[in-house]
Amino acid sequence: MVLRGNRKVNYSPNDSLYTPPNIFDALGVQFDIDVCSPTGGLPWIPAKRFIDEKEDGLAAEWIGRVWMNPPYSNTTPWIDKWLNHKNGFALVPFSRAKWFTRLWDSEAVGWYCGNNVLFHRPDQTTTQIFMPVGLWAIGETNITALQMSGLGKIR
C-alpha cells in the first residue's frame with residue numbers, strides 16, 4: 001500500500017510488469033516523460049524524465065509526449081489524466097470498466113496487442129498476462145507514429 005496525500009492506494013505485485021523494448025523500437029519516438037516508471041527508469045524506454053511511484057505520476061505535472069503503462073490494478077485515474085493531457089501513448093488492458101469505454105469513445109487510436117505481449121519483470125524474466133492489452137495513441141503525431149509502426153492493425 002502507498003499513501004497518496006490522504007488516500008491509500010493498493011498496488012498489486014503484478015503491477016511491476018514493464019513494456020518490452022520492441023514496442024519502443026517500432027514506435028521510433030522520444031518521450032518527454034514516462035509517468036509510471038520504476039525508480040531510475042528503464043534503459044530501453046526513450047524518455048527524458050522518469051516519474052516513479054514515490055514521485056507520484058498522478059500528482060506530477062505532465063508536459064509533452066507521455067509514455068504510460070499504468071498499474072492495471074488502478075487504471076481509472078491514469079486514463080482520465082492521459083485523456084485530458086491528449087499527448088502520448090498508453091499500454092492498458094482491454095476491460096469492461098467505465099474507463100475503457102471512455103478510452104474507446106475518445107479520439108485516441110489503438111492497436112490490439114492481444115495477450116501475447118512479453119512483459120519484463122523486475123528480475124529480468126518475461127511473462128505474458130492473462131488479459132489482452134492495447135497500445136493507444138492520442139495526439140496527431142503520436143497517432144501517425146502508431147500507424148507507421150508496423151505493429152499491426154490500428155482502430
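Visitor: Does H2 pass H3 in a left-handed or a right-handed crossing?
Guide: H2 passes H3 in a left-handed crossing; this term applies if the near helix is turned anticlockwise from the far one by less than a right angle, and right-handed applies if clockwise. The model is predicted: local features need pLDDT of at least 70, side-chain atom pairs count only at pLDDT 80 or more, and totals for chains, interfaces and linings use all residues. Residues are numbered from 1 along each chain as its sequence is written, and side-chain values use heavy atoms, with hydrogens and water left out.

Visitor: Why is H2 called roughly parallel to H3?
Guide: The axes of helix H2 (residues 76-85) and helix H3 (residues 98-105) come within 9 Å and cross at roughly 20°. The label roughly parallel covers angles under 35 degrees, and H2 is therefore roughly parallel to H3. Both helices are DSSP runs (H or I, at least four residues; strands are E, at least two).

Visitor: Which residues of H2 meet residues of H3?
Guide: With contact meaning heavy atoms within 4.5 Å, Thr76, Ile79, Asp80, Trp82 and Leu83 in H2 meet Trp99, Arg102 and Leu103 in H3. By class, this contact has five nonpolar, one polar and two charged residues.

Visitor: What makes the pair of Phe24 and Trp67 edge-to-face?
Guide: Rings of Phe, Tyr and Trp (its six-membered ring) pair if their centres lie within 6.5 Å; planes under 30 degrees apart count as stacked, over 60 as edge-to-face and the rest as tilted. The centres of Phe24 and Trp67 are 4.7 Å apart and the planes stand at 70°, so the pair is edge-to-face. Phe24 belongs to helix H1 (residues 21-27) and Trp67 to strand E5 (residues 66-68), 43 residues apart.

Visitor: Why is the aromatic pair of Phe94 and Trp136 called tilted?
Guide: Phe94 and Trp136 have 40° between the planes and 6.5 Å centre to centre, and the pair is tilted. Because Phe94 lies in the loop between strand E6 (88-93) and H3, and Trp136 in strand E10 (residues 133-138), the pair ties together parts that are 42 residues apart in sequence.

Visitor: How do you know whether Phe94 is buried, partly exposed or exposed?
Guide: Buried means under 20% relative accessible area, exposed over 50%, and partly exposed in between (1.4 Å probe, protein chains only). Phe94 has 23% and is therefore partly exposed, whereas Trp136 has 1% and is therefore buried.

Visitor: Why does Met68 count as buried?
Guide: The relative accessibility of Met68 is 0%, so Met68 counts as buried. Met68 lies in strand E5; leaving aside neighbours within four places in sequence, its contacts include Val35, Cys36, Trp62 and Trp82.

Conventions:
Axes fitted to C-alpha atoms, helices over the stretch in contact; angles between N-to-C directions. Parallel < 35°, antiparallel > 145°, perpendicular 65-115°, else oblique. Nonpolar A, V, L, I, M, F, W, Y, C, P; charged D, E, K, R; others polar.
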